[in-house]
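Student: I'd like to learn how to read a few features off a structure. Can we walk through one together?

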Amino acid sequence: MGGTRETIAELIGRDAVTVVVTDSGLGGLSVAGGIERRAREAGVYRSLRVVFANALPEARRGYNTMATDEEKARVFGGALAGMVRAFRPDLVLVACNTLSVLLPRVVHSGDVPLLGIVGMGVEMLEERLRAVPGSVAVVFGTETTAAAGTHRAMLLERGIEAERVITQACPLLAREIEDDASSAAVVSMVDRFAGEAMERITRPPEVVIAGLCCTHYGYVADRFAGALRRAGATAVETVDPNQRMAEALFPPGRTPATRAEQVSVRVVSRAGISDAEVRSIATLVEPVSAPTAAALRGWEQMRDLFTYPLL
């Protein structure tokens, strides 16, 4: 498989393209919605089918509750295989930081290109850190993302000083955002995690760059910015990798071949999705892509999408 640019260039030349967007929950629907909206506006693809496939094996049984990275990788590998069998995609976008950090451990046939979101987030953080030399980045993520430390390690490999990158785990926040992004629990948790992060910054930065390195966190970007200011940050920027992943299929400077007339979105899940989760996320996605919000409201349960528990 070639790089991102080569992979996208190959897709643009096809008459019909199927893209699977996957996440361990519903946060990545903002990526699917961004793709749907751009496809209708850009006219790059003659026919584009977007399938959002939830990789969560069971309701309330997320990857962060699994005991080892090996178990997480086996479950996600089985989910990917099921998605490829079911939808025959041309590309799979892993719109989940938790799952993207597992990709090196996942057994994959390699027939279908996989693009993870972690590298995109690292690129965005590096760009802003270099643009503002007096800044510090806080990588907000799930327990798995924080424990892996992939974002920080990659930034250090690129020459960013260690004291300029803080990693902050936000346990259970993604679940609370799915249930109700405007709830008091979400406000309280964001305030707590922002405060903890600020306490670990060794010297006052010119700007705090909040890396929203869980696909759910972009839905509450303003809350993160406000919480960091209340915790003492003078200036705050937020970086949402979801946006870059949604834009990846639409290279700048590409002349539209035709106005896209066939763009569809489908939402499928092995795990059950509660009515409260549907209401919460559909409301957040609708301003970006009404068809994606409608697809979530009409989501399809596919218990045979992949096998769980694994034998």
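Tutor: Let's start with open space: the second largest pocket has a volume of about 450 Å³. Keep in mind that this is a predicted model.

Student: How does one find such a space, and which residues are closest to the centre of the second largest pocket?

Tutor: The general idea is that rolling a probe the size of a water molecule over the atoms shows where empty space is left. In this case 33 residues line the second largest pocket, and Ser24, Leu56, Gly62, Ala174 and Arg175 are the closest to its centre.

Student: Which helices each supply at least two residues of that lining?

Tutor: Look at α4 (97-100), α6 (143-148) and α8 (173-179). The largest share is from α8, with 4 residues.

Student: And how do the lining residues divide into nonpolar, polar and charged?

Tutor: For the second largest pocket you get 13 nonpolar, 13 polar and 7 charged residues.

Student: Now let's zoom in on a single residue. Is Thr18 buried or exposed?

Tutor: Burial is read from relative accessible area, with under 20% counting as buried. Thr18 has 11% relative accessibility, so it counts as buried. You'll find Thr18 in strand β1 (residues 16-23).

Student: What does Thr18 touch, leaving out residues up to four places away in sequence?

Tutor: Its contacts are Arg49, Phe87, Arg88, Pro89, Asp90 and Leu91. With Arg49 there is also a polar contact between the side chains, at 3.2 Å.

Student: Next, the backbone. What should I expect for phi and for peptide bonds?

Tutor: As a rule, most residues other than glycine have a negative phi, and most peptide bonds are trans.

Student: What is the phi of Arg60, then?

Tutor: Arg60 has a positive phi, near 65 degrees, and is a residue other than glycine. Arg60 sits in the loop between β2 (47-54) and α3 (69-87). With a relative accessible area of 44%, Arg60 is partly exposed.

Student: Where is Leu172, and what is its phi?

Tutor: Leu172 lies in the loop between β6 (165-169) and α8. Its phi is positive too, near 70 degrees. Recall that α8 is the helix with the largest share of the lining of the second largest pocket.

Student: Last one: is the peptide bond from Tyr308 to Pro309 cis or trans?

Tutor: The bond from Tyr308 to Pro309 is cis, with omega near 0 degrees. As for its place, Pro309 is in the segment after β10 (300-301).

Conventions. Residues numbered from 1 in each chain as written. Predicted model: local features only at pLDDT ≥ 70, side-chain atom pairs only at ≥ 80, totals over all residues. Heavy atoms only, no water. Buried < 20%, exposed > 50% of the residue type's maximum accessible area, 1.4 Å probe, protein only. Polar contact = N/O pair within 3.5 Å; in protein donor to acceptor, adjacent residues only side chain to side chain. Contact = heavy atoms within 4.5 Å. 1 Å grid on protein atoms, 1.4 Å probe; cavity = no way out; pocket = protein on both sides within 12 Å on 5 of 7 lines; lining within 4 Å. Points joined across faces, edges and corners; volume = space filled by probe spheres on them. Nonpolar A, V, L, I, M, F, W, Y, C, P; charged D, E, K, R; others polar.
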